[in-house]
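Colleague: I am new to this one and would like to understand the words used for it. Could you show it to me and let me ask as we go?

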Amino acid sequence: MTARKLRFYSRLQIAAHVLKKSSDRRLLEVAGVTTAQMSALAIIASEETTTQTRLATELGLNDSAITAMVRRLIDLEMVARVRDDTDGRAWLLKLTKTGAEAVKKASAITDQTSAKVDELLGAKTIATVVAAMELIINDAD
């Protein structure tokens, strides 16, 4: 069967939407952020500080989208802008105590979501799907 006959793209979009919607609902209840915002917080947490440009690259978002997201996270007092010690002109993004608490609260939700996918698909299928997605991502224009 071909991707077209199996409606691969459509099914991929629907599956991603269902996972995101479910995750958004649960994360908003527990941590007060969406899945995309939690992804940004997790990246910042893993690097202690990061630039907005690096965050945009990691999330695959354009500058205006990341600017709006960072502004919302600052308004929620989950992220702060701090001066870069090595470059006085540059600003870095740093997790606040509130942001760190949100990441901690969200970890159970993300663990549950991952466990559900593990249960539904199994390790071999997940590895195959991830490898396929990497091929598509790396071939993108």
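Colleague: Why is Gly32 called partly exposed?

Modeller: Gladly. This is a predicted model, where local features need pLDDT of at least 70 and side-chain atom pairs count only at pLDDT 80 or more, while totals for chains, interfaces and linings use all residues. Residues are numbered from 1 along each chain as its sequence is written, and side-chain values use heavy atoms, with hydrogens and water left out. Buried means under 20% relative accessible area, exposed means over 50%, and partly exposed lies in between, using a 1.4 Å probe and protein chains only. Gly32 has a relative accessible area of 34%, so it is partly exposed.

Colleague: Where is Gly32 found, and what is it in contact with beyond its neighbours within four places in sequence?

Modeller: Gly32 is in the loop between α1 and α2. Helices (H or I, at least four residues) and strands (E, at least two) are DSSP runs, numbered from the N terminus. Contact means heavy atoms within 4.5 Å, and on that basis Gly32 is in contact with Leu27, Leu76 and Met78, leaving aside its neighbours within four places in sequence.

Colleague: What makes Asp24 count as buried?

Modeller: Asp24 has a relative accessibility of 12%, so it falls under the limit and counts as buried. Asp24 lies in helix α1 and touches Val33, Thr34 and Thr35, not counting residues up to four places away in sequence. Across the 141 residues of the chain, 21% count as buried.

Colleague: Which elements does the chain have, and how do they run?

Modeller: There are 5 helices and 3 strands. From the N terminus on, the elements run α-α-β-α-α-β-β-α.

Colleague: How do you know which strands pair?

Modeller: Two strands pair if DSSP finds at least two bridges between them. β1 is joined to β3 (residues 91-95) by 2 bridges, and β2 pairs with β3 over 5 bridges, so both meet that rule. Thr50 has Leu93 as its bridge partner in β3, Thr49 stands opposite Lys94, and Val79 has Leu95 as its partner in β3.

Colleague: What makes β1 and β2 the edge strands?

Modeller: The 3 strands form an open sheet in the order β1-β3-β2, with antiparallel pairing. β1 (49-50) and β2 (79-83) each pair on one side only. Helix α2 packs on this sheet and touches β1, β2 and β3, and its direction makes about 100° with that of β3. Axes here are lines fitted to C-alpha atoms, for helices over the stretch in contact, and angles run from 0 to 180 degrees between N-to-C directions.

Colleague: Why speak of a pocket rather than a cavity?

Modeller: On a 1 Å grid over the protein atoms alone, a cavity is a set of points where a 1.4 Å probe fits but cannot get out, whereas a pocket is an open set with protein on both sides within 12 Å along at least five of seven lines. The largest pocket has a volume of about 2000 Å³, with grid points joined across faces, edges and corners and the volume taken as the space filled by probe spheres set on the points.

Colleague: Which residues and elements line the largest pocket?

Modeller: Lining residues have an atom within 4 Å of a point. There are 47 of them, and Leu12, Ala15, Ala16, Leu19 and Met133 lie nearest the centre. The elements giving two or more residues are α1 (8-30), α2 (35-47), α3 (52-59) and α5 (97-139). The most comes from α5, with 21 residues.
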